[in-house]
Amino acid sequence: MENEKAQITQNTTMEVPATPLITLYTFTMSPYAQKVHCYLQYKRLPFRCFYINPLRLKKDLPVGKQVPALTVGDQSKTDSSAIGLWLDELFPDHARLLPKDPAQKEAILTIDQWVTHRLIPGNFRHYPGVGFTPRRVLNGWRLGQILHKTSHGGIPLTLQIMWPLILSQLGFLTDMVEMTDQHVSLRQANKTLCEEFLAHLGEGPFLGGMTQPSLADLSAYPHFVTPYLGGFRGAEDILEYPKIVAWLQRVREYLNDTPPLMPAVTVTREFPGDQKGTAYVGVNAKGRFS
Ligand SMILES: N[C@@H](CCC(=O)N[C@@H](CS)C(=O)NCC(=O)O)C(=O)O
């Protein structure tokens with residue numbers, strides 16, 4: 001009898017394997033790391049965030065030289081879109097990021113590439129951008145402040161003050177800015193990107209005309225949401241696009257905000273389009289993990 005009971009306990013444990021420990025190595029405002037954050041939330045996978053200190057980037061990363069990096073059990077991977085594909089392979093019983101149908105899958109991957117290589121680099125014209133306009137300096141300071149509040153160990157005040165200047169010297173950021181339409185004004189460039197986004201959304205309700213969010217929606221969502229919540233200058237332009245705001249609200253319904261995409265200490269505004277007068281609620285994530 002005793003043995004029988006022990007056997008049942010063992011079988012039950014084997015049938016319901018525990019999810020391995022998942023750690024996302026991130027910066028709060030990295031749009032690429034935020035993509036992965038949303039994939040994990042959508043798949044309802046329990047995970048923790050390690051907010052890397054940018055001054056110790058390579059030392060703190062488990063693999064590679066950039067965020068995001070994701071560790072699942074004893075395996076680590078870099079590159080946001082590749083991580084999305086990997087998560088579908090590792091956790092096929094959780095909500096899928098990519099449709100099974102090969103043609104639909106191809107269409108979603110194409111939109112994700114547009115998000116990764118065109119929409120997101122557009123953000124980097126706000127910080128660092130080119131030259132030192134008041135908006136870019138303010139956004140640069142805001143970024144330094146957010147990094148200080150959330151990254152492990154924080155950033156010395158002198159470096160926070162110099163952050164707009166430091167950003168303008170970072171090779172990966174200047175490369176991103178070079179990928180954008182620098183010959184047109186920032187406002188016109190944002191308008192074009194929003195129009196391209198709406199073309200990908202089509203009749204919706206989700207990108208590529210899908211009935212459920214996919215990798216592409218979850219890649220684009222943080223690009224519009226987090227600079228707005230974090231109080232970056234220019235992010236409020238999104239309110240001029242009610243169709244995008246309605247899409248953001250639809251995607252949000254599918255995400256369990258745990259751990260929060262934006263730690264509470266970094267949030268200055270309500271979610272775009274919220275008229276309820278309630279503040280966006282997150283969990284304070286000051287420190288190493290949240
Ligand atoms: N293609 C990569 C891009 C990742 C990336 O550019 N990460 C930036 C943060 S937004 C980074 O870690 N930069 C630090 C550096 O390059 O030194 C992805 O999609 O994950």
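What follows concerns a predicted model, in which local features need pLDDT of at least 70 and side-chain atom pairs count only at pLDDT 80 or more, while totals for chains, interfaces and linings use all residues. Residues are numbered from 1 along each chain as its sequence is written.

The protein chain holds 12 helices and four strands. Strand β3 (residues 69–72) and strand β4 (residues 75–78) run antiparallel and are joined by four bridges, with V72 standing opposite Q75 in β4. Strand β3 is also linked to β1, again in the antiparallel sense and through four bridges, and here T23 faces T71 in β3. Strand β1 (residues 22–26) pairs in turn with β2 (residues 48–51), but in the parallel sense, over four bridges, and L24 is found opposite C49 in β2. Between β1 and β2 the chain passes through helix α2 (residues 31–42), making a β-α-β crossover that is right-handed, a term meaning that, with the strands pointing away from the viewer, the path from the first strand over the helix to the second runs clockwise.

Turning to the chain as a whole, 36% of the 290 residues of the protein chain count as buried (20 or more other C-beta atoms within 10 Å of the residue's own, with C-beta atoms placed from the backbone). Among its contacts with a separation of 6 or more, 67% join residues 24 or more positions apart, a contact being two C-beta atoms, placed from the backbone, within 7 Å.

Around the ligand stand S30, Y32, L57, Q66, V67, P68, D79, S80, T116 and F172, each counted as near when its C-beta atom, placed from the backbone, lies within 6 Å. This shell divides into five nonpolar, four polar and one charged residue.

Finally, the mean pLDDT of the protein chain (the predictor's confidence in each residue, from 0 to 100) is 88, and 89% of the residues reach 70 or more. Over residues 1–13 the pLDDT is below 50, and this stretch has zero contacts in the model beyond near neighbours in sequence. Residues 277–290 also have pLDDT below 50, but that stretch has 36 contacts beyond near neighbours in sequence.

Notes. Helices (H or I, at least four residues) and strands (E, at least two) are DSSP runs, numbered from the N terminus. A residue is buried if 20 or more other C-beta atoms lie within 10 Å of its own, exposed if 12 or fewer, and partly exposed in between; C-beta atoms are placed from the backbone. Ala, Val, Leu, Ile, Met, Phe, Trp, Tyr, Cys and Pro count as nonpolar, Asp, Glu, Lys and Arg as charged, and the others, Gly among them, as polar. Two strands pair if DSSP finds at least two bridges between them.
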